[in-house]
Structures are given as structure tokens and as C-alpha cells.
Amino acid sequence: MPAILQLVYASRATFRENTSSQGIEPEVSRILMQSRQNNPRSGIVGALYYGDGHFFQCLEGEPEAVRGTLERIRRDDRHEEVRVLREQSLESPGFGEWSMKYVPAAGDVRQLLQRFGQREFDPFTFDDERIDAMLDLLRQGNDTPPHTAAATPTSSEATRGTNRLLIGVGVLAAAVVAGLLGVAAYLLLTA
């Protein structure tokens, strides 16, 4: 069996946080959608957590594919100060079928931080014990509900995830049109 590389990195977000009504920052949602499209083609699995303006991500797969993905992340203008926290070989992937698991377990992460005497999520300060604890939390964490477009396995769920995304885009487009019609009606009434 070929070696599996586990690479854990931290980075700072370059965007200003703007949490949507469904609880996921829109830029993070875009990253998740791109990861779920690209990672299955590269044979990469993993998990992502975003909090307090920081990313903590674990990538697992064939070493060349994982390193190539990290290089794309380094060039992504949504990330700065990309720092590898851990790089090790595994016998089997820890995130199984997840092209990119996202667990917005803010409460669980806050408890983990308190356990280590930290007030904010800053993975740049994580030692091996904290990295292990965070990875355990991500492996065990509840997946976000499908309507938040956050947790989609690589198997047949990909098609259903795409369908959900298209429905979500349709609902968003309808809301935009309704908003524009409201603005037009207001302008006509006030003219």
C-alpha cells in the first residue's frame, strides 16, 4: 500500500469575517465547495476548522497530491502565513471518505481551548498535544447539517451535494430578484 501523508497546517484568513445566517462564513463555504470538487480527483481526504480568523486543516493522501494542494493553498489570496504544523506518514487515512469534512463545533473547540488555558483559537500556538486533541475533535465531531453545504462525503453524496448547491443558488437568485423588485417598487413610489 502506498504511503499516506498527513499534513496539518494553520493559516490566517485575509478576509473580514462575515458569518451568514446559516453560521458558515461565505469565504469558508467557497473553500469547502472547491475542496469537495478538487480533493476526490486527487485522492485527498481531510478536515477543516475555521475560527477567530484562523484556519486549521488536515490533508491526507498521496504525498505528491497533498503537497500540491498545500502549494495551491499558499497561492490562495484568502490565506496568509501558511505554516505546516505537522507532516507524517500514516498507514490509513484518519478521515476516511471525507473529501473535506467541516465541523463548526465552536463550543467543543472552546472547551478544548479552555482545557489548555487558551481564550482564542490560534493554531499557530498548538503543540503536538493540542494538534492531536484538535484532530480527535474533528474526527469525532458532528457533521454540519446538509443545508449548510459543509459536510459531504466523496461517494454518491457528491451528486446530492451538487443538487443541494444548485437549489441553494436558485433560492439565493430568487431572493436577489425579489429584493431588486422591492427596490424598484420603492423608487417608483417615491419618485
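I looked up Phe 55 first: at 0% relative accessibility it counts as buried (under 20% relative accessible area, with exposed over 50% and partly exposed in between; 1.4 Å probe, protein chains only). The model is predicted, so I kept to its limits: local features need pLDDT of at least 70, side-chain atom pairs count only at pLDDT 80 or more, and totals for chains, interfaces and linings use all residues. Residues are numbered from 1 along each chain as its sequence is written, and side-chain values use heavy atoms, with hydrogens and water left out.

**Aromatic pairs**

I found six aromatic pairs in the structure. Rings of Phe, Tyr and Trp (its six-membered ring) pair if their centres lie within 6.5 Å; planes under 30 degrees apart are stacked, over 60 edge-to-face, and the rest tilted. For Phe 15 and Phe 55 I noted centres 6.1 Å apart and planes at 70°, so this pair is edge-to-face. Phe 15 sits in the loop between S1 and helix H1 (26-42), while Phe 55 is in strand S3, so the pair ties together parts 40 residues apart in sequence. Helices (H or I, at least four residues) and strands (E, at least two) are DSSP runs, numbered from the N terminus. Phe 15 is also buried, at a relative accessible area of 16%.

I then checked Phe 121 and Phe 126, another edge-to-face pair, with 5.7 Å centre to centre and 85° between the planes. Both Phe 121 and Phe 126 are buried. Together with Tyr 49 and Phe 56 they form one aromatic cluster.

**Cores**

Which residues have the most contacts inside the largest nonpolar core? I listed Phe 56, Phe 121 and Met 134, in a core of 22 residues. Such a core is a set of buried Ala, Val, Leu, Ile, Met, Phe, Trp, Tyr and Cys residues joined through side-chain atoms within 4.5 Å. At least two residues each come from S1 (4-13), S2 (45-51), S3 (54-61), H3 (106-115) and H4 (128-140). H4 gives the largest share, six residues. Apart from this core I noted another, of 21 residues, including Leu 5, Tyr 50, Leu 59 and Ile 73.

**Helix H3**

Just after H3, I noted a positive phi of about 75° at Gly 117.
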